[in-house]
Structures are given as structure tokens and as C-alpha cells.
Amino acid sequence: MKQMTYTKLFLMGALLMNVLGCSQEQPAVAEATQGKLKVAYYDKQAFDLQYGDYYAVMFPKLEIEVIETKPASGAGGDRLQELERLMDKEQPDLLLLDKNSYGRLAGAGKLVSLDSMIQKDRFDIESMLPASVQFLRSKGNGQLYGLAPQFSNSVLYYNKELFDRYGIPYPNEKTTWEDFYRVAARFGGEQEEPKVYGYHFPFMSSVYNMVFQAGRMQGLSFWTEDGSRATVDTPSWRRVVQSVKEAVRSGSTPAPADTKKQRWEKEDLEKADLFGQGRAAMTINTTWQIDQLKRSGSKVSWDIAPLPAAEGGKRYSPDFSLSPIYSIYAGAGNVEAAWQVIRYFHSTEAAKVERKTSQALLTRQGFVGQEEGRSLRIFYDVAYDEAADQALHAPLHLSFYEGFDRFAEEELDAIMQGHATVEQGLQRLEQRAQRLLEESKAAAQLNE
């Protein structure tokens, strides 16, 4: 018998106690669910490690066959197209997808709508995070082709000790991006060692990365939703570029780290995390930041606030994501078993177990976690903006992205070095981007 880690033993115990302690309706259905279930997942070993014990306890009569989707990722060409071909060949029942794969398969009519099953079983969809349901329906043209038990989102982290030292009020729900940059400029000093910054976004390897990150958090994109027109030279982008330029020049944020690292070790992550070192008053990140603070043993006295508001008071959540998304393949041979699995993993019972074993952000509302006495409720204040999301993920050819990235770095570096004004640099970049859009579109049409 293989040895089980303490975590697995705890998980099994939590599952068994939960089954015995909750109502018998769902466990009875799970117990009766049998037959063979073909599950599409990236890697079989990872599936067994992450989900094997759940299935063993909740669905003991269900035989699981894992269809690895890893081959589609390494096949070259269009990854999503390769995934679609693999699914057509293997005919799985249950799929665990990322958001891009979900959108592609839903749009291609490869998934089963869950609406009728939700209605038939009176599944409590109303208690799911509204943004998650809205996202999934938007990708399914109004139909719900999947559910996701967990989500990710970003918030503003701030160092309470630094704010107290400088006598600056903490960020709150009224903080705007203008406030953010103004407050950041109040931190640090030329004589201070080690240097303290107003804010730091880790892993920024170029000025372009910094500008793009700052803009997307304000709902901005460099092109329209359909990818037909460049939208670089706008008042909003000018304000973003000017803010980043002033922040780097004044030292309220560090200049980008010129690194091409493909693999980050523990020491690299700690070195890159200035917030965790107590050297940045603010940062913006997902729950990764909490995990990193714990891993590094950081003593920073931190708290969280909503992301700053953009123009008009609107907040954007560009890092909002769902994974995995549970869906049923249109050619499934065991639809009922697949639905019962989806139903369980999105149930109140499953959420209770998950809350005992992790600090994941659960889409089943009512199970908000805490971290060292701090509520993670702010992560749940998210609204999915379909237009902003579509613009960020416009259907552009790979050749466009490669060319645009190079042009953007050139023009933004020229602005930062004083070789061009913000207006001049963005005007040139928009002209170059528009030509590139038209060229890449023409090339794609020739290859069709």
C-alpha cells in the first residue's frame, strides 16, 4: 500500500466526517453513481494527486479513466485546435478546462449545456459567485456549459507599518488610481537604506510590461475588441504612461529588472518580492502574495484593500480567472455520472471540505476564508467586464503580438529616456500597431 502524506490523511478524514455529518441526499446519489467516467485533464499523475482521494471516497463505484490533454499542448500550431481534435478522438465524459479552452469548445458546440440539469435537480446556482456565472455564460453565448469551484482575483496589498511610519492613511474602497500614484510618491528617500518604494509589481522585465500591467488594471487595451483598430494614442493611455514614467523617475517604483529567467527558484522569488521584504509600501497581486509571505517567513504587517478605481469610479478585475472549469463533452457516453461529479464538486458539502483543507477562493459563496485573522472578502468584490476581457484577448495573429511587443518596448523606452514625449511616442506606436494589425490580418487570410 502506498504511503499517504499527513495532508492526504487529513483530507480523507475531513471527507468521511463531512459525508457522515451532512444530509444524505447528495452522498446517496454519489454512492449510487457508477460505471466508467472518462476525464480529460492535463496530466494523469497530477489528477491522481489532486483529485484521486475525492473520487475514492465520494464515488467509490465509479471507474475513472484519465485522458491526458498534455499532448495537445506540445503538438505545435494552434493549441486549442489540437485540443479540439484530441477530444473528438477520445470522446471523454468530463472535462477540466482553463478559460481559453472552455471558450473555444463552448463556441464550437463541443460541450453540453448544464441549464436543464441545474433546473431539474434544483441545483443552487444563485449562491455561486455572480461574476463566475456571468463569465461562463458570456463565453457560452448565454448558455452555461460549465461550472468552476474556485477563482482567482487581485487586490491591493499594503504595508501597515510603512504607512504608519510615514503618517499616511491606509488605502480603502475610495482610493483611485490617481490617489495610488500620489501616495506612492510620498514613500522613500535618497538617503534611506535599504531603499523603500511606494509600490512594486514583481516580475516586470521591461517598461512595456509595467505600462501594460498598469493599463489593464484600469480596463485599457491597445486594440479594439475585434482586433481591427489600434487604440494606443488615447488620453487614458497617456495618463498611464505619464504616471509610470514619473514613478520610475522619482524612484517611487523600481525600474524594471532586466531578466530572462525561465525558472524561478525560491531564492529568486524572495529577492523579487520587495513587498515581502518590507521594501515596498504597496503591491497588487492574487493570493500568491499571501502564500509567498508565508513561504518566505516575512514579518511584514500587511492588509488588503480593493483595487483602485479608474475614471468614473469603475473598478476592473483583469486577473479574475476560473480554473478548473468542469464541463461535459457533447459526445459523452456517461452524461449522468459527469453531472453528478460536477454537482458534488460545486456543492455546499464540497465547499465545507475545501474550506477545512485550503484557503482557496471558492465560488460557492458563504465560505469566505481568513488569513491570520484577516477576512479575504475583498477578493470576492469582483465584477466581470466582458468588453474589457474581450479586448485583452482579441483574436490576433501570433505574428502581431511578436511585432507589437518589440515596437512597444522601443517607443516606451524612448519616452522613458526622454528621446520622445509621451504624445510623440504613443502616436508613433499607434501608427506602427495599426499597420501591423492590417498586415497580420492579410497574412492570416492568405493562409486560410
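Biologist: Leaving aside its neighbours within four places in sequence, which residues is His346 in contact with?

Modeller: Contact means heavy atoms within 4.5 Å. On that basis, and with neighbours within four places in sequence left aside, His346 is in contact with Phe123, Met128, Leu147, Ala148, Pro149, Tyr326 and Arg364. This is a predicted model, in which local features need pLDDT of at least 70 and side-chain atom pairs count only at pLDDT 80 or more, while totals for chains, interfaces and linings use all residues. Residues are numbered from 1 along each chain as its sequence is written, and side-chain values use heavy atoms, with hydrogens and water left out.

Biologist: Where does His346 lie, and is His346 buried or exposed?

Modeller: Helices (H or I, at least four residues) and strands (E, at least two) are DSSP runs, numbered from the N terminus. His346 lies in the loop between H15 (335-345) and helix H16 (348-357). Buried means under 20% relative accessible area, exposed over 50%, and partly exposed in between, with a 1.4 Å probe and protein chains only. His346 therefore counts as buried, at 2% relative accessibility. Glu336, which is in helix H15, is partly exposed at 46%.

Biologist: Which residues have a positive phi although they are not glycine?

Modeller: Asn141 has a positive phi of about 55 degrees, and Phe203 has one of about 70 degrees. Asn141 lies in the loop between H8 and strand E4 (150-152) and is exposed, with a relative accessible area of 74%. Phe203 lies in the loop between strand E6 (197-199) and H11 and counts as partly exposed, at 38%.

Biologist: What is the peptide bond from Ser323 to Pro324?

Modeller: That bond is cis, with omega near -5 degrees. Pro324 is found in the loop between strand E9 (321-322) and strand E10 (325-328).

Biologist: How are the largest cavity and the largest pocket to be read?

Modeller: On a 1 Å grid over the protein atoms alone, a cavity is a set of points where a 1.4 Å probe fits but cannot get out, and a pocket is an open set with protein on both sides within 12 Å along at least five of seven lines; lining residues have an atom within 4 Å of a point. Grid points are joined across faces, edges and corners, and a volume is the space filled by probe spheres set on the points. The largest cavity has a volume of about 150 Å³ and is lined by 14 residues. The largest pocket has a volume of about 990 Å³ and is lined by 29 residues, of which Leu80, Asn100, His393, Ala394 and Pro395 lie nearest its centre. Helix H6 gives the most to the lining of this pocket, with 5 residues.
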